[in-house]
Structure formats: structure tokens, C-alpha cells
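Hi everyone, thanks for making time today.

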Amino acid sequence: MVATIQPKLSKLGWRCAIKFVIWVPWICAIAAGAVVAGGIHTVDLAFKTEHGLSVASIHDLLIYLGIVALFFVIDLIVGRRGACHYICWIAPFMIIGETIGRLLHLPQLHVHGVSNTCVHCGACERACPMSLPVSTLAAGEAAIDSTECIQCAACCDACRHNALAIGFGPIRKKDFIMR
């Protein structure tokens, strides 16, 4: 929603590691809570969601709106999808899963360049919701080697020269150009 209001791209780099600083205490808190509670006995994925959102009280609603406001303000200040890059606690799960998949040579979804048909028009970079330098990352026939890529294929759709494709299969080390 904020991407339509804030067209500025987020800066990548060291700030993307902040999500891991947030993730580690979050995982530790969940583990500590499970230990204090005597273990996990049941998991109710629909807990307090009879009416849609899990907002059973005004207190819960204020917490929910506070989190939405936090993401909104961060995106307005640092740029499009800034909260995704910097504070998203789900991203480390995706990054670790992708890394394990590569190490085990499991087939994965990935965006890659198609030969040398790129004319560097920038359409893919403007379409990328994660503000990635797609034409640089997918140079030649390389697969995009960025943990920030969410494999949405918006760059593939935006490319009029069919220089990008999305595929599912094993990713070999030689498919990547490290940047």
C-alpha cells in the first residue's frame, strides 16, 4: 500500500541485517515461552479468529494498529518496502530455507537472465517491489543471487525483451554471479 505513496527505493546493504537482530530475540522469546509453559501441547491456528482478525479486545486492536503504523512509517521514511528489508521477522526463515535448499541441491524457484537480450532499459528495476538492481543481478544467464528477492516475477512481466525468466529447478553454483 505504501509503495504507491512512496516511490523512493529503499537502500540495501548493512541495514538488511537488522531483521536478524530482531529475529534472534524473537525466536529465543518463543522458545523460552514454550519452556516456561511446560512445552507445546496444542497449536490452534484459528485462535480468536472467529470474525477474521485475531482482535478479541481493544488492547489487541491497539497492538495490531501499532504494528501496522510501524511498518507504514518505516516505509514512508526509508522507501518502498523498507520494513520488509529492515525489520521483517519472517524474512530470516525464507533466507535460511533458501540457503539450506541450495546446500542440499533441492529444486528452487528462481529468476534468471535469458542469454544476453537485456537492453538495460530499467523496466525490471522499476517493477521490482523489493528495489533490487535486477538487470545487474541477472546479467547474462545468471540467476538472481539476492536474499532480498521474493521471486514474485514482476521483473519478468515488466521486461519487454524477454531477458528474464522464472524457473523451478536445481540451482547450481555456476548459475550465480556473486555481487
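A quick definition before we count anything: helices here are DSSP runs of H or I with at least four residues, while strands are runs of E with at least two, and both are numbered from the N terminus. Please also keep in mind that this is a predicted model.

So, how many helices and strands does the protein have? There are eight helices and two strands. Starting at the N terminus, the order is α-α-α-α-α-β-α-α-α-β.

Next, the annotation. An unreviewed UniProt entry marks residues 20-41 and 61-79 as "transmembrane region". What does the model show there? Residues 20-41 are 77% helix and 0% strand, with 28 Å between the end C-alpha atoms. For residues 61-79, the figures are 95% helix and 0% strand, and the end C-alpha atoms are 26 Å apart.

Let's zoom in on one residue, Ile-5. You'll find Ile-5 in helix H1, which covers residues 2-5. Leaving aside residues up to four places away in sequence, Ile-5 touches Phe-72 and Leu-76. Ile-5 and Leu-76 are 71 residues apart along the sequence, yet their C-alpha atoms are 7.9 Å apart in space.

How about the protein as a whole? Taking contacts between residues at least 6 apart in sequence, 76% join residues at least 24 apart. Of the 179 residues, 32% are buried. The accessible surface is about 11400 Å², and carbon and sulfur atoms account for 69% of that surface.

That's my tour, and I'm happy to take questions!

Key
Residues are numbered from 1 along each chain as its sequence is written. This is a predicted model: local features need pLDDT of at least 70, side-chain atom pairs count only at pLDDT 80 or more; totals for chains, interfaces and linings use all residues. Side-chain values use heavy atoms; hydrogens and water are left out. UniProt positions are given in the numbering used here, feature names are shortened, and annotations may be inferred rather than shown by experiment. Buried means under 20% relative accessible area, exposed over 50%, partly exposed in between (1.4 Å probe, protein chains only). Contact means heavy atoms within 4.5 Å. Accessible areas come from the Shrake-Rupley method with a 1.4 Å probe; for residues, only the protein chains shown count as cover.
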